[in-house]
Amino acid sequence: MKIKEWLEGMDYHFLQGNPETDVEEVVYDSRKAKAGAVFVCMKGANVDSHDFCRQVYEAGVRVFVTEHPVELPEDASVIQVENGRRALALLSAARFGHPASRMITIGVTGTKGKTTTTHMIRAILEAAGEKVGMIGTNGVYFGGVAEPTRNTTPESYELHGYFARMAEAGCRYLVMEVSSQAIKLHRTDGILFDYGVFTNLSPDHIGPNEHADFAEYLGCKARLFNQCRMGIANADDPHFAEVTAGASCPVLTFGLEKPADFQGKNLHYLSEDGFVGLEFDVSGKASLPVRAGIPGRFNASNALAAISVCSQLNLPKEALSRGLEHIHVNGRMEIAYASQRFQVIIDYAHNAVSMESLLKTLRNYHPRRLVVVFGCGGNRSKDRRFSMGEMAGKMADLSIITADNSRFEKTEDIIADIKSRLIPTGGAYLEIPDRREAIHYAISHAQEGDMIAVIGKGHEDYQEINGVRTHFLDREVVDEAVARL
């Protein structure tokens with residue numbers, strides 16, 4: 001391809017060089033520079049890749065996209081753009097042949113529920129016999145491929161690479177999480193989603209190298225509705241009006257409480273032998289009963305979001321109604337074990353807000369005892385461990401305090417901080433620093449009617465201690481413990 005062909009539709013200015021220069025790859029990491037590539041310069045939090053242009057030139061690169069003039073030999077082409085990250089997204093789409101346009105694309109944003117909702121949409125589509133690609137916190141999935149990702153929404157070049165592989169594998173649908181950080185950093189620029197879904201909004205990801213304040217965070221979330229053909233939003237969320245105010249597309253609504261296009265009602269919590277979940281009815285633009293094998297009112301909202309978007313796709317009603325019955329989301333209200341005697345749930349809840357929400361949800365199933373196994377990560381704000389200790393003491397019948405990525409702190413010191421706020425509540429607790437032992441203890445000592453929540457790590461498959469990561473997956477340890485019963 002000629003660089004001028006990849007630049008079609010972009011705003012740019014040629015500072016020097018030849019628009020007819022051949023290119024075959026896009027590179028934004030100077031360590032991957034090679035002849036035939038176009039090097040895109042960006043200013044990061046700690047590194048400005050403009051500083052590596054000379055090094056990249058010496059590696060054979062002759063086409064540079066920059067945010068300001070740079071000094072390079074005359075045989076180099078230099079193209080100036082306003083924003084390097086946006087340029088990277090648009091060039092990446094061109095380099096892979098705009099693969100997203102070959103699929104029906106669904107983007108999901110929100111503070112909570114993105115991962116679960118994308119999994120739910122995928123489950124319904126697959127129940128209808130469709131081939132689906134999915135990208136999010138838990139990784140990339142399509143056609144038997146399962147790969148981890150570093151970010152909820154990968155960098156734009158990686159995104160379009162995945163899109164191309166999905167399209168080649170015959171995926172008709174693409175479902176992905178769209179984080180506020182990804183929108184801020186232009187990773188999804190140039191993608192016109194067929195459907196954009198908003199789950200909910202609460203303060204999060206505010207601080208250095210994230211969002212300056214809540215207003216910026218909200219604004220980034222809201223931008224999804226400026227890059228999709230149809231929006232679907234949670235009418236129950238307090239920030240619904242702000243998020244949808246500037247939408248450039250039609251917006252349909254879903255809700256359990258406020259009037260909406262897709263109304264959820266008659267919600268029932270179910271705890272049966274081998275099944276923990278919920279049932280509810282949908283009315284409005286769709287009318288059907290729904291059965292979902294995942295606990296919690298907030299998951300009823302996530303399920304309603306998935307039903308709302310999938311009802312636009314001319315799928316069989318049976319897929320919409322029963323597609324979520326066996327839903328499984330790693331580390332998100334994951335039913336790791338369920339019997340008439342007791343249940344074990346694994347969840348990623350790792351702060352007081354998510355812990356409170358989870359424990360309140362599990363109380364709806366009326367367990368005889370609610371047992372929570374948890375710790376707190378080291379080298380993070382101590383407020384988190386204090387507030388989680390207090391929440392556990394107030395809401396759980398038994399807390400088993402243990403390790404959770406202690407990093408460069410001592411697990412015993414973290415546990416001491418947790419106890420300092422748990423003990424004054426009068427809540428019952430045990431201290432078992434080894435996480436494997438703690439999980440085994442909770443299961444081997446389970447009583448009739450117990451509901452055990454193992455929280456904090458969710459889908460994570462490692463323990464980090466003194467800078468070293470070793471394999472550790474809560475689900476595997478639960479399986480070990482259950483096998484010993």
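**Close-up views of a predicted model**

View 1. The model is predicted, and local features need pLDDT of at least 70, side-chain atom pairs count only at pLDDT 80 or more, and totals for chains, interfaces and linings use all residues. Residues are numbered from 1 along each chain as its sequence is written, and side-chain values use heavy atoms, with hydrogens and water left out.

**View 2. Length and start of helix H12.** Because the expected span is 1.5 Å times one less than the number of residues, the 14 residues of H12 (residues 382-395) should span 20 Å, in agreement with the 20 Å between its end C-alpha atoms. At the start of H12, the backbone nitrogen of Asp383 has a side-chain oxygen of Ser381 within 3.2 Å.

**View 3. The five-stranded sheet.** The strands of this open sheet follow the order S1-S5-S4-S3-S2 with mixed pairing, where two strands pair if DSSP finds at least two bridges between them. Strand S1 (13-16) and strand S2 (25-27) are at the edges with a single partner strand each, so one side of each lacks a neighbour in the sheet. Strand S4 (residues 63-66) pairs with strand S5 (residues 77-80) in the parallel sense over four bridges, and Thr66 has Gln80 in S5 as its bridge partner.

Conventions: Helix = DSSP H or I, 4+ residues; strand = E, 2+ residues; numbered from the N terminus. Polar contact = N/O pair within 3.5 Å; in protein donor to acceptor, adjacent residues only side chain to side chain.
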